[in-house]
Every structure is written in C-alpha cells, then in structure tokens.
Amino acid sequence: MALLSIRNVFKSYFLHGKRIDVLRAVSLDIQAGELVSMIGASGAGKSTFLHVLGTLDAPAAGEVLFDGRSVFSMNDAEIAEFRNRTIGFVFQSHYLLPEFTALENVAMPALIQRRDRAGAYTYARELLERVGLGSRVDHRPGELSGGEAQRVALARALVLKPAVLLADEPTGNLDPTTGEGIHQLLRDVNRDLGITAVIVTHNETLARSMPRRLRLAGGQVSEA
Amino acid sequence: MHPAERQTDYRWPLLWAGALVALVGAALLGVAISESEAWAEVAGALGLSLVGWGSLLQSFDAGALALGPGPAGAVAGPKMLVAGTLVWLAGWALIASGIRRAPVSTEGPSPAAGSTLYPRLARYRDFYWSTLGAYGGGILLAELVMLLLQTVLSSGVPSDLGVASKESSGGASLPPTIAFAIALVVGAGVAFASGFVGASRAQRLSLPEATIGVFYLGLPVPILLSLMERVPSLQLALGYRLREVSYVAGLLGRPELGYWLVFAALVLALVLGINTGFIAAGSGRVDLRLGFELFVARRHVAVFRPSLLLGALAVLMFGIIPPLIIYFIIRGAEAAVERTRVKSLGLADPLAAAAAQHRMKLHEQSPTMMMTALSVGGVGVGVMALIIVLSVMSGFEADLQQKILGTNAHAVVSKYAGELPEYAKVMEQVKRVPGVVGQTPFIINQVMIASEGNVDGVIIKGIDPHTVGTVTDLPQNILPGGDLGHLEQPGKILPSRAVDDDEDAPTKTPPEEEDPIIGKASKPAKPTVLPGIIVGRELAASLRVVVGDRVNVVSPLGTELGPTGPIPKSRAFRVAGVFYSGMYEYDSKFVYILLKEAQDFFALKGATGIELKVADIDDARRISNQVVRVLGGYPYRARDWGEMNKNLFSALRLEKLVMGIILSIIIIVAAGLIVATVIMLVLEKRKEISVLKALGVPDGGIVKIFLAEGLQIGVAGGLLGLFSGLAWCLFIEKVGIKLDPEVYYIPALPVRIEPVQTALAVIIAVLVTYLASIYPALKASSVEPVEGLKAE
C-alpha cells in the first residue's frame with residue numbers, strides 16, 4: 001500500500017469573485033521512501049498541492065490517505081498531532097520564530113509535543129551540528145544568513161524524524177551554491193533516514209536529479 | 001429547487017423605509033397605550049411573552065387590553081391604536097417586500113459536482129441539543145442549587161418540608177452572608193462545569209445554544225424572584241420558603257438588584273466554563289496542559305520584566321509626570337555614556353563599535369511593548385482605584401458601625417406591645433443563650449430638655465449603670481469630669497460654679513426648685529439632692545451646661561393634674577456627666593438617667609426592653625432568633641442591629657456596590673486596551689501563528705498562547721494595582737488625610753483594608769482581562785496556516 005495517496009481531490013481559489021480550479025480530481029500515490037520532485041509554472045498550484053498533502057489546507061472534495069487512513073476525517077487535535085509527528089515542512093522562506101534561538105526553533109516540534117525539554121535540546125543540538133551549524137545554536141533567526149536559516153528550518157523539519165518531508169521551493173531564495181548544499185542535505189536525508197520527500201521546485205536540474213518527477217499543469221498532475 | 005441555491009437579495013432602501021414606518025407605527029401604538037393608561041396591563045401581558053413564540057398572539061391580547069379598560073382615552077385611544085397598528089404592519093410589509101429571492105446562478109455545475117465532500121465538513125452539525133441541555137439545564141441547576149444551599153445553610157432544612165420541627169434546626173446554621181458566599185461559589189461552579197461539559201461535547205462555543213439556554217431556562221428564576229418583591233400573591237406563596245434568599249438580597253436595600261447581580265455572575269461563570277471547555281477540548285481532546293503555551297507566550301510579551309513592572313508601579317504610586325521625567329533623565333544619561341563608550345571603542349576598533357551599536361539597536365522597544373506597558377498600567381490603575389476607594393468606604397462604614405454599636409446594643413429584646421415588667425426573669429433566661437455576652441435593661445422615651453439657656457427635644461434612656469458597660473461603650477465615652485457612678489449617688493455631683501454664683505450661699509444652698517406653676521421660688525429649705533443625668537457633648541454645648549448644672553426634663557406623655565388642668569410632667573436633674581460617642585446624632589440627641597428614675601418618671605413597672613451584646617456581631621441575627629426561641633416566641637421579639645439600622649447599612653452597601661461597579665468600568669476600559677494590545681499582537685504574529693500551526697500546534701494551543709498573553713498583562717496589572725493600592729491605603733492610614741471635623745465628625749479619612757474585598761478587586765481584574773483576551777485569542781486561532789505561509 002502506498003504511504004500517501006490522494007483520491008480525487010478538488011481545490012479552488014476565488015479571485016475577484018471568479019473561481020479558479022487549482023486542483024481538479026487529482027489522484028496520486030507516493031510510496032514510502034520515494035524522493036519526488038514536482039515542477040510546474042508559477043500559480044499552477046504546486047504550493048496548494050503541497051499544503052493539501054500536508055493537511056495545512058482542506059480540499060473542497062476528495063480524500064488524502066496516509067497509510068490507508070483518511071487524514072481529513074480526523075478532528076483538529078488529531079490532525080495537528082498528525083502534522084506534528086508525521087510531516088516535516090520546509091518552505092521557501094525559513095519561517096523560523098524570531099523570538100527563539102536556533103536551538104529552540106529546532107526543538108519546537110518536540111516542545112509542542114510536550115517532550116522533555118533537555119532531551120529535545122540535546123537532539124536538536126546534534127541535528128544542528130549535522131547541518132553544520134554547531135556554532136550558531138544560540139543565535140536568533142535575525143542573526144543568521146539566509147542559507148543558515150534555511151538549514152535550521154530543515155533541522156526543525158527533521159527533529160521528530162517524520163515519515164514525510166514536504167519542501168516548497170526550499171532553495172528559491174538562495175544563490176545556486178548555497179542551494180546546492182541544501183539539495184545535497186535533502187538527498188542525504190532521504191537516503192540515510194529513509195524519509196519520503198516531496199520537493200516542489202522551479203529548478204529543472206534539481207528536478208531532473210530526482211528519481212520520480214511530477215508535473216502540475218491545468219489542475220492535473222502527470223509524471224514528467 | 002435545490003436548497004443550496006436558495007439565496008436572498010436585499011433592497012436596502014425598502015428595508016430602511018419599512019423600518020422607519022414600523023417605528024412610527026410603534027410610536028403611535030405607544031401613544032395610544034399611554035393615553036388609555038393601560039401600560040401596566042399591556043406590559044404585564046407582553047412582559048414574559050416577548051421571550052416566547054406566542055409573542056404575536058400576546059401582543060394582540062395586549063392591544064385588546066389597551067382598548068378595553070381605557071376609560072380616559074376612550075375617544076382618541078381606539079383611532080390611534082388602529083392607525084398605529086396599520087402603520088406598524090405597513091412597515092413590516094415594506095420590509096418584507098424588500099427581501100427577494102436571488103436569481104438562480106447561470107453557471108453550470110462545477111467539475112467537482114457529485115464527488116464526496118471532504119469528511120469533516122460533511123460531519124458538521126448546526127445545533128447540538130445536548131449542549132443546549134447542558135447550558136440551559138446548567139444555569140437553571142446553578143440557580144436552584146444556590147436557592148437551596150442558601151436556605152439550608154443559613155436556616156437549616158426548610159421547616160415546611162413536613163419534617164418534625166427540630167428546635168435547633170437540622171442544617172448548618174451559618175451566618176447568612178457566609179452561607180451566601182458558599183452558595184455562590186457552588187452555584188458558579190455548577191454553571192462553570194455545565195458550560196465546560198456543553199462546550200467540550202459540541203467542540204465549539206455554541207453561542208445559539210448558550211443564548212437559548214440562558215434565555216429560556218436561566219431567566220425565569222430571577223424574573224420570578226423580582227416579581228416576588230412586587231406581587232403580593234407570589235410573596236404569599238413563596239415568600240416564607242425563600243425568606244433566607246430574600247433576606248440576603250435585601251441586605252442591599254434593593255433585592256431585585258441582588259438577584260440580577262447573582263444571575264449575571266452565574267451567566268459569567270457559564271460563559272467562562274464554555275470558553276474553558278472550548279479551549280480545552282475544542283480541537284477534539286481535553287488538554288489542560290500549559291507548559292508549552294506559556295513558554296511561547298512569555299517570549300511574545302515579556303511582561304514580567306523588572307524595568308516594566310517597576311516603571312508601572314512608579315507611575316501608579318507617583319503619577320505619570322515625575323517618573324517620566326526621572327526616566328528621561330536616566331535614559332539620557334545612559335545613552336550619553338553608552339555613546340561615549342562606543343566612540344572610544346570605535347577609535348580603537350571600528351568593527352567592535354559597530355557591533356556595540358547593533359546591540360544598542362536591538363534594545364529598542366516595539367510599539368507592542370509600549371501597548372503592553374500601557375495595558376498593564378491601565379489594569380493597575382483600575383485595581384488601585386478600586387482598592388483605595390472601597391477601603392476608604394469600608395473605613396467609613398466600619399467607623400459608623402463602631403460608633404453605632406458603641407452607643408446601641410447588638411440586639412434588643414422586647415415585647416411586640418407594652419413594657420417588660422418581668423425583665424429580671426427574662427434576663428435570667430437570656431443569659432443561658434450561647435453567644436450572648438452582656439445584657440442590660442433599659443427604658444426609652446422622648447422628652448424635652450431645658451436648661452437656663454436653651455431647649456431641645458431628646459431621647460431619654462433609663463439605664464442600669466452596673467450592667468450598661470457590658471453592652472455599650474457608654475462608661476468609656478464619659479468625658480473627664482463626669483462619672484457614670486454618680487447617677488446612683490447623686491449627692492456626689494458637685495454643683496457647678498455657674499450655679500453657685502446665682503445663689504446666695506456659696507456651698508450649702510442647693511439650687512432652688514422652681515414651682516413650674518407659680519413660677520416663684522419654693523422655700524429654699526434643705527439641700528435637695530437632684531437625680532443625675534448624662535448628656536451628650538453636642539447637647540451639652542447647645543444647652544450650654546457643664547457637669548453639675550441643673551436641667552429640666554419635660555415629658556409630654558405622662559401628664560400630671562395641676563390646679564389648672566393637666567400639665568406636662570417635669571423633673572429637674574443635675575448633669576452628672578457628658579459623653580462623647582463620636583456620632584453627631586447621638587451626642588446631640590441622647591440623655592441617660594437611672595433606670596429607677598425613669599420607671600418613676602414615666603410610671604413604668606419594668607423596662608422597655610433588654611439590650612444584648614453578642615460575641616460575634618455578624619451572628620447577631622441568628623442569636624436574636626435563638627433568644628426569642630428560648631423565651632418561647634410571642635409576645636417576645638428580638639431585633640438585631642442590622643434590622644434596627646437596616647436603612648443606613650443597606651444604603652451604605654448599595655453605595656459601595658455601585659461605586660465598585662463604576663470603578664470596575666476603569667478596569668473594563670483597561671480591558672479594551674488589552675483587547676487592542678492582543679489584537680495587535682495577533683496581527684504582528686500572523687506568520688508565527690501559521691508556522692506554529694504547521695508545526696502541529698492545535699487551535700486550542702494557539703488560543704491558550706494568546707489567552708496567556710492577555711492574562712499575563714492582567715495578572716501583572718492586578719498585582720501592581722494590589723501593591724500600589726495597599727501602599728496608598730497604608731499611607732492614608734499611617735500619615736492620614738485630614739478632614740474638616742465640622743463636616744465629617746471624624747478627624748481623618750478612615751481606611752479599612754478588607755482582605756476579601758481586596759482579593760475580589762484583583763480577581764475581577766484577572767477575570768475581565770481573561771474575558772477580554774478571549775476574542776483576540778479566538779481570532780488568532782482562526783488564522784489559516786496557509787495565510788501566513790504564502791511566499792512573499
């Protein structure tokens with residue numbers, strides 16, 4: 001059985017009173033451990049697709065199944081917990097919480113789960129060292145460079161060892177060299193930790209380097 | 001037609017015109033009703049029914065009533081009524097014609113038509129009957145529990161339950177106020193719990209259910225209780241059963257106000273319960289843990305910082321301007337020093353200087369920080385004002401109570417009619433009642449008192465000097481120069497010099513007694529010893545008498561038959577002492593003589609009654625009931641000080657309550673500031689809220705974070721207000737604020753810090769801030785995660 005499957009999902013936006021159908025009866029299966037890239041024109045709905053996949057946005061119709069279980073039939077608390085434990089997000093911007101240090105930001109998902117604080121910090125420190133930021137743990141996001149912040153965000157997404165990593169143009173704001181570093185990290189994560197990853201990108205080279213490639217156009221997803 | 005396509009269009013001009021016309025119609029109807037003077041009947045018929053579905057029918061009934069009994073407006077009434085009704089209906093017709101069904105959408109079905117709605121929306125329900133039951137039943141239950149507890153706790157089991165009447169009451173005979181406090185806490189607990197259960201079952205706030213529940217199930221009890229005060233038949237049916245309840249409410253002077261305040265408190269408890277239930281369980285699971293939420297909230301608003309707290313405290317204690325000036329001086333000096341340091345650093349190492357400058361910039365405060373400080377100060381000002389004003393009012397009340405109880409007894413035993421000849425026997429029985437610590441017989445009457453210089457009407461009291469000290473403070477209140485003991489040994493009273501001067505022989509000759517009829521001095525034979533009298537300081541001043549002076553007491557009641565017909569009884573007394581109680585009314589209106597003299601003067605055999613002192617003045621009511629029971633009930637009766645001074649103390653309590661409500665408005669204004677602050681925070685933190693949600697914080701967690709932020713402000717403000725309020729109270733108490741003794745009869749502003757009242761002020765502040773933060777917190781939780789995550 002597929003780890004993640006999407007069944008007949010619809011999603012629309014309303015712009016100036018007009019309905020724009022972003023997703024039209026999208027159905028898709030993603031197997032455990034897959035590394036998937038998704039490309040598509042700006043505004044094609046790649047982010048929306050990722051949000052629906054990550055339970056951040058509810059579809060108008062259809063179902064998202066995780067391990068055969070319908071995600072959107074759970075209640076709020078269960079969905080939040082599902083998101084917390086199962087899915088790691090990396091966005092185009094780092095979206096770190098400005099009042100907290102890098103270490104606290106990375107440990108945040110564990111703190112949300114009310115895990116033991118010392119243990120969470122220990123593991124978060126380990127992760128930060130692994131992404132090469134061992135010396136920046138006590139810096140606030142405002143004191144980090146873009147690439148550093150994005151690596152902190154990646155560490156945050158991985159702190160609870162999620163089953164799925166969803167990345168929305170993670171290198172869109174970075175220069176090619178820094179971006180390549182992040183890409184390498186993503187590939188390592190997929191290979192070493194066995195985390196299923198869906199990476200939305202504009203970067204054709206990156207997309208081509210992924211084992212499975214998807215293209216979103218006209219509200220439909222197709223294998224590229 | 002498919003129900004989903006039913007949509008309405010509004011033609012606003014028609015709606016407005018219709019509303020206007022209907023208003024005119026309603027005004028005409030009002031004029032018609034008031035002209036036929038049928039307001040009472042119409043209001044009665046409309047009253048409760050406006051709440052129910054039968055309102056239309058009832059209002060027609062009311063119209064008929066207005067037509068029927070109107071004898072005065074018989075000419076103008078009906079025409080006006082018909083015109084009013086027609087205009088009113090026409091207005092509604094206009095409104096109805098302004099609402100049209102919208103045309104069916106021309107678009108075809110969407111591509112998703114027919115596919116399954118996503119599961120959570122498909123499961124949505126509009127209305128939860130069980131929640132309605134929980135809310136409505138909860139508030140009704142809370143009211144009933146309060147009524148029952150109040151009755152049981154303060155009087156024992158209601159005696160009309162048919163149980164064999166036990167003499168010493170089956171329940172706990174607590175003082176009514178304590179019973180009320182317990183009943184209120186339990187009732188509020190019930191309301192809170194039912195709100196919690198209802199909201200956590202429905203997993204949302206369920207406002208329609210709450211409104212309907214409170215309206216239909218909660219309102220009838222307070223309405224009934226209020227009506228009971230007005231409608232005699234209800235009073236007859238229910239008054240005795242609910243006597244304890246109406247007694248407590250009556251302590252305010254206006255029982256209805258008491259009922260509605262309690263109702264409001266219960267509704268508040270229900271609302272709090274609903275919110276707490278929703279926050280705890282709204283996202284599908286009861287979660288009362290707060291650790292993480294507080295962790296985040298503390299970072300968002302750092303209220304508990306020494307600089308902010310000290311600054312706010314300084315503003316509360318010394319006003320705005322002085323601390324501000326000091327702050328600017330300190331900040332100016334600090335900045336100058338810092339800049340000099342950075343400059344010298346820069347001369348050596350420009351990069352280190354840049355780093356130092358960067359750090360200085362980081363210290364700058366955001367506008368939200370400023371708002372937070374303002375809100376803390378606002379709540380602090382409210383709490384401080386509440387504490388100071390209520391403490392001063394309590395001080396006045398305590399002062400008044402002390403003076404009243406210093407002069408009057410805690411309770412008085414008498415008969416419903418007539419005197420009490422067997423007072424010695426009664427005193428013997430009363431002595432055995434536990435809680436009675438002193439008693440003294442007395443006779444009271446009204447007389448005229450005349451001195452050489454003046455005349456005044458006073459209340460004369462015959463007292464027993466041996467026992468009067470066990471009940472009142474009279475012995476302590478005698479000013480130096482007088483002596484209570486001289487009442488019994490009038491020979492020891494030395495005539496004053498003023499009297500001596502008038503007389504021929506300086507020492508030996510006693511004052512002559514003038515014959516009131518002939519007006520001529522009777523024979524100055526031997527030194528007559530006049531009985532003693534004790535007068536108040538103000539009376540002594542207005543009569544211009546001192547100790548040893550002679551006064552005449554004239555009673556209009558007991559007349560004596562003189563040669564020319566009945567004449568008022570008159571007797572001469574010598575001032576044996578002057579007392580000062582501190583109450584102008586008492587010092588100018590009371591005189592005391594020996595009980596025996598009074599019996600003689602008023603031709604009584606016994607006493608008017610017995611004054612009692614009890615161990616606990618708050619328990620006086622229960623002890624006086626006990627005394628009556630020991631004496632065997634009728635014809636004896638006992639009245640406690642609260643009952644005797646009911647008007648005064650209920651007026652004071654009402655005044656304090658109204659003052660408290662008015663001052664709470666300051667806190668409510670401050671709560672407005674908190675709403676603004678937290679809304680600003682929510683706007684500022686939109687992105688963070690989205691991120692937190694993406695990381696797996698449920699809606700309830702977001703609500704908790706922002707509630708905690710509001711509550712931090714409330715708690716900090718409340719504590720600051722508490723400290724500054726207590727500090728001001730202590731200042732007033734120790735240093736004192738002088739009052740004009742001519743006006744106030746007390747030298748300085750009295751202060752009494754009542755712990756319960758002070759704690760209540762802080763609790764009110766925290767509750768209000770909690771309520772104020774609910775809305776912004778809910779707003780925060782409704783931020784969609786996707787909203788804040790849109791790539792810029």
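This briefing covers confidence, strands, backbone angles and nonpolar cores in a predicted model. Residues are numbered from 1 along each chain as its sequence is written, while chains are lettered from A and ligands numbered from 1 in the order in which they are written. Because the model is predicted, local features need pLDDT of at least 70 and side-chain atom pairs count only at pLDDT 80 or more, whereas totals for chains, interfaces and linings use all residues. The predictor gives the complex an ipTM of 0.94 and a pTM of 0.75.

**Confidence in chain B**

- Chain B has a mean pLDDT of 79, and 85% of its residues reach 70 or more. The pLDDT is the predictor's confidence in each residue, from 0 to 100.
- Residues 157–170 of chain B have pLDDT below 50, and this stretch has twelve contacts in the model beyond near neighbours in sequence. Two residues are in contact if their C-beta atoms, placed from the backbone, lie within 7 Å.
- Residues 521–526 of chain B also stay under 50, with seven contacts beyond four places in sequence.
- Where pLDDT is low, the predicted coordinates should not be read in detail.

**Annotated domain in chain A**

- An unreviewed UniProt entry annotates residues 4–224 of chain A as "domain: ABC transporter". Such annotations may be inferred rather than shown by experiment.
- Residues 4–224 of chain A are 36% helix and 28% strand, and the end C-alpha atoms are 19 Å apart. Helices (H or I, at least four residues) and strands (E, at least two) are DSSP runs, numbered from the N terminus.

**Strands of chain A**

- Four strands of chain A form an open sheet in the order 2-1-4-5, with antiparallel pairing. Two strands pair if DSSP finds at least two bridges between them.
- The edge strands are strand 2 (18–30) and strand 5 (69–70) of chain A, each pairing on one side only.
- Strand 4 (residues 61–66) of chain A pairs with strand 5 of chain A over two bridges. Phe66(A) has Arg69(A), in strand 5 of chain A, as its bridge partner.
- Helix 1 (residues 46–53) of chain A packs on the sheet and touches strand 1 (4–15), strand 2 and strand 4 of chain A.
- Strand 9 (residues 212–217) and strand 10 (residues 220–223) of chain A run antiparallel, joined by four bridges. Two residues lie between the strands of this hairpin, and Gly218(A) takes a positive phi near 60° there.

- Most residues other than glycine have a negative phi.
- Tyr95(A) has a positive phi near 50°. Tyr95(A) sits in the loop between strand 6 (87–90) and helix 3 (102–112) of chain A.
- Arg544(B) has a positive phi of about 55°. Its loop runs between helix 21 (537–543) and strand 7 (550–562) of chain B.
- Tyr95(A) is buried (20 or more other C-beta atoms within 10 Å, placed from the backbone; 12 or fewer is exposed, in between partly exposed), because 23 lie within that distance.
- Arg544(B) is exposed, with 12 other C-beta atoms within 10 Å.

**Nonpolar cores**

- The largest nonpolar core has 174 residues, and Val106(A), Val383(B) and Phe706(B) have the most contacts inside it. A nonpolar core is a set of buried Ala, Val, Leu, Ile, Met, Phe, Trp, Tyr and Cys residues joined through C-beta atoms within 7 Å.
- Helix 28 (residues 699–734) of chain B gives the most to this core, with 14 residues.
- Phe706(B) touches several residues, including Val678(B), Leu681(B) and Ala780(B).
- A second, separate core of 59 residues includes Leu484(B) and Ala598(B).

Methods:
Axes are lines fitted to C-alpha atoms, for helices over the stretch in contact, and angles run from 0 to 180 degrees between N-to-C directions.
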